[in-house]
Amino acid sequence: MKVLFHINEVDRWPRVLTNINNFLRDIGTGKASILVLANGLGVLAYSLGKQDLIKEMENLHEQGVTFIACRNALNTYNISENKLPAFVTVVPAGITEIVQKQAQGYAYIKP
């Protein structure tokens, strides 16, 4: 299975992380390629210093979940890439990444 979770609202992060945990609990770790793409206001969670969210993201990353940030959104909100947590990958444009992943067969989830 291949799943892309899309988040563009900072207040939706707890729901996204809960959905991913539920998904992993149901199918088991290592049985899916899971990507979380943040663009728009969603990228703010990577830099707000909310350690509970960052810790949960790190835990999920250790279970194989990939976290992605849109460079366009980072630039819009003046977030330096070198200030992001080490587990976050940056792509040039979130929308392009979404289209590419859907073309590769990823299920698109927007909680």
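**View 1. K110 and E9 pair up through their side chains in a salt bridge, with N and O 4.0 Å apart.** A salt bridge here is a side-chain nitrogen of Lys or Arg within 4 Å of a carboxyl oxygen of Asp or Glu. K110 sits in the segment after β5 (107–109) and E9 in the loop between β1 (2–7) and α1 (13–27), so the pair ties together parts 101 residues apart in sequence. Helices (H or I, at least four residues) and strands (E, at least two) are DSSP runs, numbered from the N terminus. K110 is partly exposed, at 37% relative accessible area, and E9 is partly exposed too, at 34%. (Buried means under 20%, exposed over 50%, partly exposed in between, with a 1.4 Å probe and protein chains only.)

This is a predicted model: local features need pLDDT of at least 70, side-chain atom pairs count only at pLDDT 80 or more, and totals for chains, interfaces and linings use all residues. Residues are numbered from 1 along each chain as its sequence is written, and side-chain values use heavy atoms, leaving out hydrogens and water.

**View 2. E81 and R71 form a salt bridge, their closest N and O atoms 2.5 Å apart.** E81 lies in the loop between α3 (71–76) and β4 (88–91), while R71 is in helix α3, ten residues apart. E81 is partly exposed at 35%, and R71 is partly exposed at 30%.

**View 3. E97 and K101 meet in a salt bridge, 3.7 Å from N to O.** Being four residues apart in helix α4 (residues 94–103), they're separated by about one helical turn. Both E97 and K101 are buried.
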